[in-house]
Amino acid sequence: MHGEASLRGVEGEVEALGPSAHLPRRARVVGAMRSLRRNAELLRALTEADLRYRYGRGPGRFLRWLLEPFALVGVYLVLVTFVLNRPGHAVGLSLAAAIVPFQFVILTVANAMEAINVRRPILLNMRFQRKLIPLSSTVTESTNFIASFFVVVVMMAAYHVAPTPAIGWLPLIVLVNFYLAAASAYAASLLGLWAHELKPFLLSFVRMLFFLGPGLVPLAAASSRSQEILRFNPLTGLFEAYRSIVLDGQAPAPWMLLYPLAFASLMLLVFVPLYASEQSQFAKVV
C-alpha cells in the first residue's frame with residue numbers, strides 16, 4: 001500500500017521526550033535531539049512515499065518533475081509573453097510571480113485533503129506521529145515549487161530582467177510561503193476528512209483567493225479603495241513580495257510578509273489543537 005513500505009523503518013509511536021525535572025540537562029537535550037531525529041526520519045519517509053507515488057521510480061521521474069510545472073502554467077505564460085500583446089511591464093513575469101507561489105499553496109491544500117484517506121493502510125496497521133501528515137504534504141509540494149520556480153527564471157530571461165541584490169530576500173519570502181502552505185495543510189486535512197464530498201467547493205474557494213487578489217494584475221493597478229480590500233487576502237502580500245524582488249528589484253514592504261505570517265499563525269493556533277484532538281479518531285473514520 002501507498003507509503004507502508006517507506007514507513008517500516010520508522011514504525012512505532014514517535015513521541016516527544018518531554019523534559020523531566022529529575023533528568024540532567026544533558027539527558028534532556030539528548031532526548032530532545034533523538035525525538036527530533038525520529039520525527040525528521042518519519043517526515044522524510046512520508047514525503048518519499050508521496051513522491052514515489054506521484055513521480056514513480058523510473059529514470060524519467062526527474063524529467064517529469066522538471067517539466068510538470070511548465071505543463072501546468074508554462075503554456076499560458078508563453079502565450080501571454082510571446083503571442084498576446086497585453087499592456088504593461090513584463091506581464092508574463094508579473095503573472096509568474098503570482099502563479100508560482102499560489103500553485104504551492106493550492107497544491108498543498110489538495111494534497112492535504114487526501115493525505116489522511118490515502119494513508120488509511122498505515123493508519124489502521126501502524127502507530128506513528130500523525131501530526132506530521134499535513135507537514136509531509138507541504139514538504140512534498142515544496143519539491144514541485146522548486147521546479148516551478150524555473151518558470152520565473154525563464155520569464156526573467158524572456159523579458160531581459162536581470163536579478164538585483166533584492167533577490168537576497170527570496171529565502172525569507174519562500175519561508176513565509178512555506179509557512180502559509182503548512183498552516184493551510186492542517187486546515188485542509190481536517191476539512192477533507194470532515195467534508196470530503198465538498199472537496200471541489202473547498203478547492204474552488206482557494207482558487208477564488210487568486211482572483212480576489214492581485215493575481216492577474218499588480219496591486220498598484222487597482223484603485224485605492226480596491227487595494228485596501230485586497231490587502232486582507234493573505235496571498236496579496238506574497239504575490240507582491242515576489243513581484244517586488246524579481247520585477248521591481250526592491251525589498252518587499254514589511255506588511256507583505258508580516259500579514260501572511262500573522263494569518264498563517266492564526267490558522268495554526270486554531271487548527272493544530274483541533275488536529276491533535278482528532279488524530280486519535282483517524283483510524284475510525286477513514
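Q: Is Tyr242 buried or exposed?
A: In this predicted model, Tyr242 counts as buried, because its relative accessibility is 2%.

Q: And Phe149, buried or exposed?
A: Phe149 is buried, with a relative accessible area of 16%.

Q: How many aromatic pairs turn up in the whole structure?
A: A search of the whole structure gives nine aromatic pairs. In one of them, the ring centres of Phe149 and Tyr242 are 6.4 Å apart and the planes lie at 50°, so this pair is tilted.

Q: Which parts does that pair tie together?
A: Phe149 belongs to helix 5 (residues 132–158) and Tyr242 to helix 9, so the pair links parts 93 residues apart in sequence.

Q: Which residues form the aromatic cluster?
A: One cluster is formed by Phe104, Phe145, Phe149, Phe178 and Tyr242.

Q: Changing topic: what does the side chain of Glu240 make a polar contact with?
A: Its partner is the side chain of Arg243, at 2.9 Å. Glu240 lies in helix 9, which spans residues 234–248, and counts as buried because its relative accessibility is 11%.

Q: What is Glu240 in contact with, leaving aside neighbours within four places in sequence?
A: Those contacts are Pro214, Pro218, Leu219 and Met256.

Q: Now the largest pocket: how much space lies in it?
A: The largest pocket holds about 390 Å³. Its lining comprises 17 residues, with Ser184, Phe205, Val206, Leu209 and Met267 nearest the centre.

Q: What is the lining like by class, and which helix gives the most?
A: The lining has 16 nonpolar residues, one polar and no charged ones. Helix 6 gives the most, with five residues.

Note on methods: Residues numbered from 1 in each chain as written. Predicted model: local features only at pLDDT ≥ 70, side-chain atom pairs only at ≥ 80, totals over all residues. Heavy atoms only, no water. Helix = DSSP H or I, 4+ residues; strand = E, 2+ residues; numbered from the N terminus. Buried < 20%, exposed > 50% of the residue type's maximum accessible area, 1.4 Å probe, protein only. Polar contact = N/O pair within 3.5 Å; in protein donor to acceptor, adjacent residues only side chain to side chain. Contact = heavy atoms within 4.5 Å. 1 Å grid on protein atoms, 1.4 Å probe; cavity = no way out; pocket = protein on both sides within 12 Å on 5 of 7 lines; lining within 4 Å. Points joined across faces, edges and corners; volume = space filled by probe spheres on them. Nonpolar A, V, L, I, M, F, W, Y, C, P; charged D, E, K, R; others polar. Phe/Tyr/Trp six-rings, centres within 6.5 Å; stacked < 30°, edge-to-face > 60°.
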